[in-house]
Amino acid sequence: MRTLLLFDGMAMVYRAYYALNGTSRVNSKGVNTSATLGFTTTLYDLLKKFSPTHAAVAFDLHGPTFRHEMYAEYQANREPPPEVIPNSMDDIQSIIRAFGLPILTCEGYEADDVIGTASHWADQNGFDRVIMVTPDKDFGQLVTPHVFLYRFGRMGKPDTLMGTLEVQEKFSIQRPEQVKDLLGLWGDASDNIPGIPGVGEKTAKKLIDKFGSIEEMVAHADEITNDKVRGLVQKYGEQAIFSKQLATIALDVPIELSDDLLHLAEPDYSSLREIFTRLEFRNLSRRIA
C-alpha cells in the first residue's frame with residue numbers, strides 16, 4: 001500500500017514546545033530542548049504507527065505569502081514565537097533529514113498550501129492513502145476518499161484520524177470542501193480572517209446546510225428568515241466571500257513532486273545518534289537504536 005504521510009512542521013513544533021513547557025527539558029549545557037524532543041518523539045511515533053512508504057515535512061518560510069498580498073492584515077495579530085523555537089529549528093530540520101524525510105517549502109506560500117498541493121498530487125497519482133498530520137481544522141477541506149486528516153487530541157482527548165464521513169459529521173456539512181465556507185463565515189482569529197461579525201459556528205452550519213456555499217448564500221440572502229442574520233449577510237456578504245478565498249488552501253503551489261523525492265529513505269542512524277547524544281536524548285536514542 002502506497003501511503004504518504006505529510007507533516008505540518010511548524011504546527012508540530014509549537015505543539016511540542018507547549019506540551020512540554022510546563023516541565024521544560026533543559027540539558028546539562030543549559031539548552032532548552034523541549035520543542036526538539038517533543039517534535040522528534042511525535043515524528044518517530046507516527047512513522048512507526050503508519051509505516052508509510054512516502055513522507056515529507058512542510059514548513060512556512062519567513063517572507064510574506066500571496067495571502068498577505070491579498071490582505072495586508074492577514075495574521076497581523078500573531079505574536080513572535082518563544083525564543084526557544086527558532087533556536088531549535090536547525091536541530092529539528094537536521095533530525096528530519098536524518099530520518100530520511102524531505103523538507104518541502106515554497107516562497108510566497110504557507111505550509112498549508114504545500115501540504116494541500118502534495119496531497120492533491122498524491123491523490124491524483126494513485127496513492128492508496130495520504131495522511132495529513134496537523135492540529136489545524138482548516139485541512140478538513142482537503143479530505144477525500146484517499147486523503148485523511150490526522151488531528152492531535154487536546155485537553156486529554158485522543159488523536160483522531162478523520163476521513164470524509166468524520167469531517168462531514170464534525171462540521172455538519174455535506175462535503176469536506178465546505179469547511180472553507182464555514183471558515184469564510186465564522187472567520188479565523190489566529191489568521192485574522194474576518195468572516196461575518198456576529199455569525200458563529202452554529203449559525204454558519206445552518207446557512208451552509210441551507211445554501212451549500214457562501215456564494216449561493218449571498219446570492220439568495222433575501223431568503224434568510226432571521227432578520228438579524230439576513231442583515232449581516234447583506235452587509236458583510238462580500239467580506240465572507242473574500243474570507244473564504246483567504247481560507248482556501250492552494251492546490252497548485254509551484255513545487256517539484258515525484259515518487260522518488262517523497263519516498264521514505266532509510267534513516268541515517270549514525271547522524272541521529274550524534275544529534276541525540278549532543279542533545280542528551282538518551283531514552284529516545286535507545287528506542288531508535
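This is a predicted model: local features need pLDDT of at least 70, side-chain atom pairs count only at pLDDT 80 or more; totals for chains, interfaces and linings use all residues.

Serine 172 sits in the loop that runs between α6 and α7. Its phi is positive, about 55°, although serine 172 is not a glycine. Most residues other than glycine have a negative phi.

Now go to glutamate 280, in the loop between α12 (269-279) and α13 (282-288). Here too a residue other than glycine has a positive phi, with a value near 70°.

Return to the loop of serine 172 and follow the chain into α7. How many of the eight residues of α7 are buried? Seven of them are, so α7 is largely enclosed by the rest of the structure. To see them, select Val179, Asp181, Leu182, Leu183, Gly184, Leu185 and Trp186. These buried residues pack against α6, α8, α9 and α10. Just after α7, select glycine 187, which has a positive phi of about 75°.

Next, select helix α8, residues 201-211, and colour its buried residues: Ala204, Lys205, Leu207, Ile208 and Phe211. Turn the view until you look down the axis of α8: the buried residues fall within an arc of 165°, so they line one face of the helix. Which residues are exposed on the other side of α8? They are Lys202, Lys206 and Lys210. Note that Lys205 belongs to the buried set, whereas Lys206 is exposed.

Just after α8 comes glycine 212, with a positive phi of about 90°.

Move to threonine 40, which lies in helix α2 (residues 34-50). Is threonine 40 buried or exposed? Its relative accessible area is 0%, so threonine 40 is buried. Select Ile95, Phe99, Phe276 and Leu284 as well: threonine 40 is in contact with these residues, leaving aside its neighbours within four places in sequence.

Clear the selection and show the whole chain, which has 13 helices and six strands. The radius of gyration is 20 Å, close to the 19 Å that the globule rule gives for 289 residues, so the chain is as compact as a globular protein of that length. Along its principal axes, the C-alpha trace spans about 65 × 40 × 35 Å.

Buried residues make up 49% of the 289 residues. Among contacts in the chain with a separation of 6 or more, 70% join residues 24 or more positions apart.

Methods
Residues are numbered from 1 along each chain as its sequence is written. Side-chain values use heavy atoms; hydrogens and water are left out. Buried means under 20% relative accessible area, exposed over 50%, partly exposed in between (1.4 Å probe, protein chains only). Helices (H or I, at least four residues) and strands (E, at least two) are DSSP runs, numbered from the N terminus. The arc is that of the directions from the helix axis to the C-beta atoms. The radius of gyration is taken over C-alpha atoms; the globule rule is 2.2 Å times the number of residues to the power 0.38. Contact means heavy atoms within 4.5 Å.
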